[in-house]
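These are my notebook entries on one protein structure. I set down what I looked up, entry by entry.

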Amino acid sequence: YRRWMTGIMCVCCRRWMMKMQEIEPQLRPREKALRHGIAALSDRELLAVLLQSGTKGKSALELADEVLFRCGSLAKLMQMQPKDLMDITGIKEVRAMQLFAGIELSKRIAETSVQQEAVHTPADLVSWLQLRYGHEQQEHFIVVFLDVHNHILHHRTLFLGTLNASMVHPREIYKEALRCSACSIICAHNHPGGEVVPSQADLHVTKQIVQSGEIVGIPLLDHLIIGRDSWFSFRQHDLL
């Protein structure tokens, strides 16, 4: 029995080694990245590098293909959770966490980059907001607090759920603004459906925030609606 099992294991290992050996060394993801730079890798190759290795009878590239097939695209992968991939043969907790750690790291790098520069236009914030919130399945209402030079002091998700006047309280927004000595604020929220046209609730909430900002002397510079691939600025559309 032991000899039989050992024989099967050896055959599986040989098959996996043959699969990797069939790929020319310079085309293997790690070697390709070292030779041409990480940006030269395709989506499947990047995933293969994060996965680090394959499993019995399946190379890292084939495992990456299964991940892409399961999620449909890298954009949809950002909407998933580690447990959503753990029923793929060869992906357990460690490999799933490796993938999502890479995604979270990219979000934090984008956030750090934004915080180092002054905010002059909505476009200065949009790329980061889309990466962080554009793929969320639940609405997030985020407030960015700025100093006198429009540098970001702090940002915080203050409300979760469908945006409406009874949920979004300007007093909570300005309590936080006063706490961090903000000179102005920018609000943003995502539309999980992807449509970025403001609703009547969006317009009403924005009006309330503007009025509260005038009272406390901390103006609302803009309100951004974030979708996966598009965005809307209240300021640019003369709605402030």
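I began with a term that I needed: contact means heavy atoms within 4.5 Å. I took helices (H or I, at least four residues) and strands (E, at least two) as DSSP runs, numbered from the N terminus. The model is predicted, so I noted that local features need pLDDT of at least 70, that side-chain atom pairs count only at pLDDT 80 or more, and that totals for chains, interfaces and linings use all residues. Residues are numbered from 1 along each chain as its sequence is written, and side-chain values use heavy atoms, with hydrogens and water left out.

Entry 1: the sheet. I looked up the strand order and found an open sheet of five strands, β2-β1-β3-β4-β5, with mixed pairing. Two strands pair if DSSP finds at least two bridges between them. The edge strands are β2 (152-160) and β5 (231-233), each of which pairs on one side only. From one strand to the next, the twist averages 20 degrees.

Entry 2: helices on the sheet. For angles, I used axes that are lines fitted to C-alpha atoms, for helices over the stretch in contact; the angles run from 0 to 180 degrees between N-to-C directions. Helix α7 (residues 123-133) lies across β1, β2, β3, β4 and β5, and runs at about 40 degrees to β4. Helix α8 (residues 170-179) also packs on the sheet, where it touches β1, β2, β3 and β4. The direction of α8 makes about 155 degrees with that of β2.

Entry 3: strand β3. Which strands are joined to β3 by bridges? Strand β1 (residues 140-146) runs antiparallel to β3 and is joined to it by six bridges. Leucine 146 has serine 184 in β3 as its bridge partner. Strand β4 (residues 220-226) runs parallel to β3, again with six bridges. Isoleucine 186 stands opposite aspartate 222 in β4, and cysteine 187 stands opposite histidine 223 in β4.

I then checked how β3 is covered. Buried means under 20% relative accessible area, exposed over 50%, and partly exposed in between (1.4 Å probe, protein chains only). In β3 (residues 184-190), seven of the seven residues are buried. In a regular strand the side chains alternate between the two faces of the sheet. Ser184, Ile186, Ala188 and Asn190 are buried on one side of β3, and Ile185, Cys187 and His189 are buried on the other.

Entry 4: a helix pair. I found that α2 (residues 29-36) and α3 (residues 43-51) pack at about 110 degrees, with their axes 9 Å apart. Angles under 35 degrees count as roughly parallel, over 145 as roughly antiparallel, 65 to 115 as roughly perpendicular and the rest as oblique. Helices α2 and α3 are therefore roughly perpendicular to each other. Where they meet, Pro29, Arg30 and Lys32 belong to α2, and Glu45, Ala48 and Val49 to α3.

Entry 5: glutamine 138. I located glutamine 138 in the loop between α7 and β1. Not counting residues up to four places away in sequence, glutamine 138 touches Leu160, Gly161, Asn190 and Pro192. The C-alpha atoms of glutamine 138 and glycine 161 are separated by 6.1 Å, although the two residues are 23 residues apart along the chain.
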